[in-house]
Amino acid sequence: MSVIRELEPKNVWKYFDDICAIPHGSGNTQAISDYCVSFAREHGLRYRQEDCGNVIIWKAASPGYEGAGTVMLQGHMDMVAVKTADCEKNMEAEGLSPAVSEDGAWVYAEGTSLGGDDGIALAYAMAILADDTLAHPPLEAVFTVGEEIGLLGAAALDASDLKSTILLNMDSEDDGIFLTSCAGGATFTCHAPAPRVKKTGVVYEWKIGGLKGGHSGAEIHLGRANANLLFGRFLAQVGADAEFYVGDFSGGEKDNAIPNQCSAVCMVTDEREESSGKIENSLACAAEILKEKTEAFERAAAAFAEIIRAEYAAVEPEMTVTLTRLSDCASERVLAKEGKDVITALLEHFPSGVLRMMPEIPDMVQTSLNLGVLRLGEAEASMTFSVRSASATEKEWLIKRMKDLTAFAGGRWEVTGDYPAWEYKPGSRIRQIMSGVYEDLTGEKPLLTGIHAGVECGLFSEKLPGIDCISYGPQMRDIHTAHERLNIGSVKRNYELTIRTLEKIK
C-alpha cells in the first residue's frame with residue numbers, strides 16, 4: 001500500500017494516490033479521463049465524457065439544499081510531466097512514485113514532478129462526490145484536459161447543460177491566497193522576411209545565457225533580462241559600430257517563459273562575392289580589411305557585453321555573454337543586409353515587458369508582452385510572443401499594434417490560443433463566504449488578489465455569463481519541476497475549507 005493513503009484526510013489521499021498511478025501528462029490524458037468516468041459509474045452518478053477528454057459529473061443536492069444554486073467543483077486532469085536527468089521512469093506509460101518527506105510535512109514524487117497541480121483538485125472533488133454524509137448544494141464537477149498547454153479543455157467544453165452559478169476552481173498553489181481575477185491572453189507569432197545569401201568570412205558564435213528566465217505571467221514584473229530582446233539590442237548596438245552578418249539564431253523554448261538563453265552565428269567578411277569568385281581587392285588589401293573589421297567587431301561585442309552585464313548586475317548576477325571565434329575562413333548562408341535590418345528593427349521596436357499596471361489592485365500587472373521564442377528559418381524569421389492583459393480592449397489594441405508593425409515590415413502573423421480575462425467581480429458572494437470560512441478556520445484573513453496569468457475561470461466566465469468564481473488550493477512548491485511538493489497539512493485545511501464553504505451555500 002502506498003504510504004500516502006495513510007495520510008489525513010484519507011478519502012482525499014486515496015483518490016490522489018489513484019491519480020498518481022495513472023500517467024497523465026498533457027496530451028496523454030485518455031486514461032485519467034476514463035478513470036473519472038469509472039469513478040462516476042461506481043458511485044451511480046450522472047456523467048458526460050467529451051471527445052476531447054473533458055469529464056463532467058453531476059450530484060444532486062443533499063437534503064435541505066435542493067433550492068440552492070448549483071456549484072461547480074473544477075480542476076484539470078493534465079500535469080506537467082518532467083523528471084530528473086537520472087530518472088529512468090517512462091512518464092508516458094508509468095505512474096508516479098509518491099513519497100513523504102523526512103520531516104513528514106510534504107508529499108513529493110521520486111525523480112519526477114508530482115502533479116499536485118492539479119491532481120489534488122480531482123481528489124478533493126471525488127472525495128466530496130463519494131461522501132453522502134456531507135451537506136452541499138447541487139454539484140457539477142468539471143474536469144478538463146490540456147490546461148497546461150493552453151487551457152484547451154476549457155476552451156472546447158460544451159457548457160450548454162451546465163447550470164452552475166458559483167465556481168470553485170481548485171487550481172491555485174498558495175494557501176490563504178484567493179484569486180479573484182486573471183489576465184486574458186493570446187499567442188502572437190510574427191513571421192518576418194529573412195532572405196539569405198552565401199558569404200565567406202570569419203565565423204563567430206555569440207551567446208547569452210545564465211539568465212533566470214521565469215514565467216511570463218507570474219514573474220514578468222521582476223525586471224529580469226529577456227535573452228531574445230538582448231540579442232536584438234546586440235544587433236542594433238554592435239551593428240552601429242561594426243559590420244557583420246548574422247546566420248542561424250535561436251532563443252527561448254516557450255512563448256510564456258521569459259527566455260534565459262539565445263545564440264547566433266555571426267560572420268565578418270571582406271565582402272568578396274562567393275558566386276563570382278572574383279576578388280576586387282588584392283589579397284593583401286583584403287586581408288588587411290578583414291583584420292580591421294574583425295577587430296572592430298570583437299571590440300564592439302566586448303563593449304556591449306560589459307554594458308548589459310553592468311545594467312543587469314543586480315538582477316542577473318549569473319549572466320554570461322560570450323563571443324567565440326569558430327573559423328577564420330568558412331562559408332555560411334547568412335541573412336542578407338535588408339533582412340538583418342528588418343529583424344533588428346522589429347526586435348528593437350516591438351513593445352515588451354510590463355506595459356501597464358492594474359489601477360484597482362496594487363502591484364498587479366494589467367498588460368504585458370513576452371518574446372518567448374525566436375528562430376531563423378530558411379527564408380523567414382519567427383518571433384513568438386505571449387500577450388497578456390486583464391483588459392480585453394487593451395489586449396485587442398496591443399495585438400493590433402503588433403499586426404501593424406509586422407505588416408509594415410512586410411511580414412505575416414498568426415494569433416492563436418486566444419483566451420478571455422476573468423474580470424474582478426465586485427460584491428462576489430462566494431468571495432465573502434469563503435473568506436469568512438477561512439478566517440473561522442485559521443484566525444486569519446485570506447489575501448484576495450488577481451494573477452497576471454491565465455486560469456480556466458476566464459473561459460468559464462465567458463461560457464457561463466454571471467458565474468461567481470474563486471480560485472484557491474493547498475500549498476505547493478516548485479510546481480512544473482521534478483522538485484514539486486504538496487504540503488500535507490495544507491491539503492487537510494483546504495479540504496475542510498471546501499466542505500465548510502459548501503455547507504454555507506444555501
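D118 lies in helix 3, where helices (H or I, at least four residues) and strands (E, at least two) are DSSP runs numbered from the N terminus. The model is a predicted one, in which local features need pLDDT of at least 70 and side-chain atom pairs count only at pLDDT 80 or more, while totals for chains, interfaces and linings use all residues. Residues are numbered from 1 along each chain as its sequence is written, and side-chain values use heavy atoms, with hydrogens and water left out.

Back to D118: a cis peptide bond ties this residue to D117, with omega at about 15°. Another cis peptide bond joins E8 and P9, and here omega is about -5°. P9 sits in the segment before helix 1 (10–20). L151 belongs to the loop between strand 6 (139–144) and helix 4 (152–156).

Now for the helix packing, starting with helix 1 and helix 3. Their axes come within 8 Å and cross at roughly 130°; axes here are lines fitted to C-alpha atoms, for helices over the stretch in contact, and angles run from 0 to 180 degrees between N-to-C directions. Helix 1 and helix 3 are therefore oblique to each other, on a scale where angles under 35 degrees count as roughly parallel, over 145 as roughly antiparallel, 65 to 115 as roughly perpendicular and the rest as oblique. Helix 1 passes helix 3 in a right-handed crossing, a crossing being right-handed if the near helix is turned clockwise from the far one by less than a right angle, and left-handed if anticlockwise. On the helix 1 side, the contact (heavy atoms within 4.5 Å) involves N11, V12, Y15, F16 and I19, and on the helix 3 side G116, G119, I120, L122, A123, Y124, M126, A127 and A130. Sorted by class, this contact of helix 1 with helix 3 has 11 nonpolar, three polar and no charged residues; Ala, Val, Leu, Ile, Met, Phe, Trp, Tyr, Cys and Pro count as nonpolar, Asp, Glu, Lys and Arg as charged, and the others, Gly among them, as polar.

Helix 3 (residues 116–130) also packs on helix 11 (residues 488–504), at an angle of about 50° and with the axes 11 Å apart. That makes helix 3 and helix 11 oblique to each other, and helix 3 passes helix 11 in a right-handed crossing.

The contact of helix 1 with helix 11 divides into five nonpolar residues, one polar and no charged.

The structure holds one cavity of 30 Å³ or more. On a 1 Å grid over the protein atoms alone, a cavity is a set of points where a 1.4 Å probe fits but cannot get out, and a pocket is an open set with protein on both sides within 12 Å along at least five of seven lines; lining residues have an atom within 4 Å of a point. The largest cavity has a volume of about 50 Å³, a volume being the space filled by probe spheres set on the points, with grid points joined across faces, edges and corners. C20, I22, P23, H24, G25, M79, A81, M91, E94 and L96 line the largest cavity, and these split into seven nonpolar, two polar and one charged.

The second largest pocket has a volume of about 320 Å³. Its lining takes in 20 residues, with N226, L229, L230, Y312 and S352 nearest the centre. Helix 5 (227–241), helix 7 (337–349) and strand 15 (365–376) each give at least two residues to this lining, and helix 5 provides the largest share, six residues. By class, the lining of the second largest pocket has nine nonpolar, seven polar and four charged residues.
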